[in-house]
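This briefing is for a reader who is new to the structure shown below. Please look over the sequence and the model before reading on.

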Amino acid sequence: MSKELEHSFVTQLEENQNIVHKICRLYTNDADSHNDLFQEITIQLWKAFPKFRGDSKFSTWMYRVGLNTAITLYRKSKRSVHTNTQDFENVSFKITADEYDDTVEVQLRLMYDAVKQLNDIDKALVFLYLEDKNYKEISDTLGITEVNARVKMNRIKEKLRTILNP
């Protein structure tokens, strides 16, 4: 790989690394798993980068590779370990009360707990939706049609309503 291509990859990865961290928080239980998944996603991005044609934004491509990597590893780990729940306290940011209203934190914790009950594809769709991606970007990232993304999202919203308001 040329130095120019390498520099381009590193620059774009640094600019967009929060995407990878968010994916890692969604699919891991602890700091070690988070770091392992971050490294694995970075390796997969690096391997795939020479094939990145720029048909989509780098961030959209990064979501796709990152989510596919996380889902693949999540499914493998799910086969070997049946209790793959996450402790939100271990992965949430510790934010001072001055900066953050406790009500919002409680609501976020409840939402994370509800989202974690969804299947891996639904989690990815909610994640992209909450990242303010439009249905076109969601469909491109997940490899489904826009109509399917909308239908799935409506069903997921209903599932989350049921989970949050039993």
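The notes that follow go from the overall fold to single helices, contacts and the surface.

The structure is a predicted model. Its protein chain contains eight helices and zero strands. Of the 166 residues in the protein chain, 35% count as buried.

**Overall fold**

- Along the sequence, the pattern of the protein chain reads α-α-α-α-α-α-α-α.
- Helix H1 covers residues 3-27, and helix H2 covers residues 31-48.
- Further along, helix H6 spans residues 120-130, helix H7 spans residues 135-142, and helix H8 spans residues 146-164.

**Helix H2 and its two faces**

- Helix H2 has 18 residues, and from its first C-alpha to its last it reaches 25 Å, close to the 26 Å expected at 1.5 Å a residue.
- The buried residues in H2 include His34, Leu37, Phe38, Ile41, Thr42 and Leu45. These residues are on the same side of H2 because they cover an arc of only 140 degrees around the axis.
- As a general point, an α-helix has 3.6 residues a turn, so residues three or four places apart point the same way.
- Asp32, Asp36 and Lys47 are exposed, and they sit on the face of H2 turned away from its buried side.
- The N-terminal end of H2 is capped by Asp30, which has a side-chain oxygen 3.1 Å from the backbone nitrogen of Asp32.

**Tyr27, in helix H1**

- Tyr27 belongs to helix H1. Its relative accessibility is 6%, so Tyr27 counts as buried.
- The side chain of Tyr27 reaches the backbone oxygen of Asp120 at a distance of 2.8 Å.
- Tyr27 and Lys123 lie 96 residues apart in sequence, while their C-alpha atoms are 9.0 Å apart in space.

- Asp122 has its place in helix H6. With a relative accessibility of 4%, Asp122 counts as buried.
- The side chains of Asp122 and Lys159 are joined by a polar contact of 3.0 Å.
- Asp122 and Lys159 are also linked with Lys152 in a network of salt bridges.
- Glu137 is part of helix H7. Its relative accessibility is 16%, and since buried means under 20%, Glu137 counts as buried.
- The side chain of Glu137 makes a polar contact of 3.3 Å with the side chain of Lys57.

**Salt bridges**

- How many salt bridges are there? The count comes to seven salt bridges.
- Lys22 is partly exposed, at a relative accessible area of 29%. Glu131 is also partly exposed, at 21%.
- Arg53 and Asp55 meet through their side chains in a salt bridge of 2.6 Å, N to O. Arg53 counts as exposed at 68% relative accessibility, and Asp55 is exposed with a relative accessible area of 60%.
- Glu158 forms a salt bridge with Arg161, and their closest N and O atoms are 2.9 Å apart. Glu158 and Arg161 are three residues apart in helix H8, so about one helical turn separates them.
- Glu158 has a relative accessible area of 43% and is partly exposed. Arg161, with a relative accessible area of 44%, is partly exposed as well.

- Which residues make the nonpolar surface patch? Val106, Leu110 and Leu164 make this patch, which has an area of about 220 Å².
- Leu164 is found in helix H8. It counts as partly exposed because its relative accessibility is 35%.

Methods:
Residues are numbered from 1 along each chain as its sequence is written. This is a predicted model: local features need pLDDT of at least 70, side-chain atom pairs count only at pLDDT 80 or more; totals for chains, interfaces and linings use all residues. Side-chain values use heavy atoms; hydrogens and water are left out. Patches are made of residues with over 30% relative accessible area and no salt bridge: like charges are joined within 9 Å, nonpolar side chains (Val, Leu, Ile, Met, Phe, Trp, Tyr) within 5 Å. Accessible areas come from the Shrake-Rupley method with a 1.4 Å probe; for residues, only the protein chains shown count as cover. A salt bridge is a side-chain nitrogen of Lys or Arg within 4 Å of a carboxyl oxygen of Asp or Glu. Helices (H or I, at least four residues) and strands (E, at least two) are DSSP runs, numbered from the N terminus. Buried means under 20% relative accessible area, exposed over 50%, partly exposed in between (1.4 Å probe, protein chains only). The expected span of a helix is 1.5 Å times one less than its number of residues. The arc is that of the directions from the helix axis to the C-beta atoms. A polar contact is a pair of N or O atoms within 3.5 Å; within protein, one must be able to donate a hydrogen and the other to accept it, and residues adjacent in sequence count only if both atoms are side-chain atoms.
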